[in-house]
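Please look at the sequence and the structure before reading on.

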Amino acid sequence: MAEAVLWQGLIGLSFMMVRAGSDVTILKAMSSRMVGRVRSNVDAAIGLVAVLIYLLPSLVPGVPARHIFLGLACLFACASCGIVWMQWRRSKAEDVPCRDDHANPDPRPLAGPIEGRTNT
């Protein structure tokens, strides 16, 4: 019984970490007027996935729940590593020097003005 409670707690902790990570990503990527909408949609999607994960052992009666959860844990671990790797590559790509072998002093995008700034 204690082992089941421990695993249940670890699963809950992992969902909380996913929510915290999604909140950070939303705050970095979205404008302030879109944060509420995007966050509620992401929270709804995370909640739906959580319900499906907990229902999965009932929907697949021939496979032990331990094996299902272990497989899902491996899948989520691989996906997390992939996300971290893509973010690392993106941060490395942003640090690429210009053709003149120096870093770009103007961090503004070339496609237009940034919201709240004037082009000077």
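Is Ser-22 buried or exposed? Ser-22 is buried, because its relative accessible area is 13%, and buried means under 20%, exposed over 50% and partly exposed in between, with a 1.4 Å probe and protein chains only. The model is predicted, so that local features need pLDDT of at least 70 and side-chain atom pairs count only at pLDDT 80 or more, while totals for chains, interfaces and linings use all residues. Residues are numbered from 1 along each chain as its sequence is written, and side-chain values use heavy atoms, with hydrogens and water left out.

Ser-22 belongs to helix α1; helices are DSSP runs (H or I, at least four residues), numbered from the N terminus. Leaving aside residues up to four places away in sequence, Ser-22 touches Val-42 and Ile-46, where contact means heavy atoms within 4.5 Å.

Ile-46 is also one of the buried residues of α2, together with Val-35, Val-38, Ala-50 and Ile-53. These buried residues of α2 pack against α1 and α3. Helix α2 has 25 residues and reaches 35 Å from its first C-alpha to its last, close to the 36 Å expected at 1.5 Å a residue; the expected span is 1.5 Å times one less than the number of residues. At Ile-53, α2 bends by about 25 degrees, and Pro-57 follows within four residues. The bend is the angle between axes fitted to the seven residues ending at a residue and the seven starting there.

The pockets come next. A pocket is an open set of points on a 1 Å grid over the protein atoms alone where a 1.4 Å probe fits, with protein on both sides within 12 Å along at least five of seven lines; lining residues have an atom within 4 Å of a point. A volume is the space filled by probe spheres set on the points.

| Pocket | Volume | Nonpolar | Polar | Charged |
|---|---|---|---|---|
| Largest pocket | About 1200 Å³ | 21 residues | seven residues | two residues |

Ala, Val, Leu, Ile, Met, Phe, Trp, Tyr, Cys and Pro count as nonpolar, Asp, Glu, Lys and Arg as charged, and the others, Gly among them, as polar.

The largest pocket is lined by 30 residues, of which Ser-14, Phe-15, Leu-72, Ala-73 and Phe-76 are the closest to its centre. Its lining takes at least two residues from each of α1 (2-29), α2 (35-59) and α3 (65-94).

Lining the second largest pocket are residues including Gly-21, Lys-28, Arg-90 and Glu-94. Helix α1 gives the largest share of this second lining, five residues.
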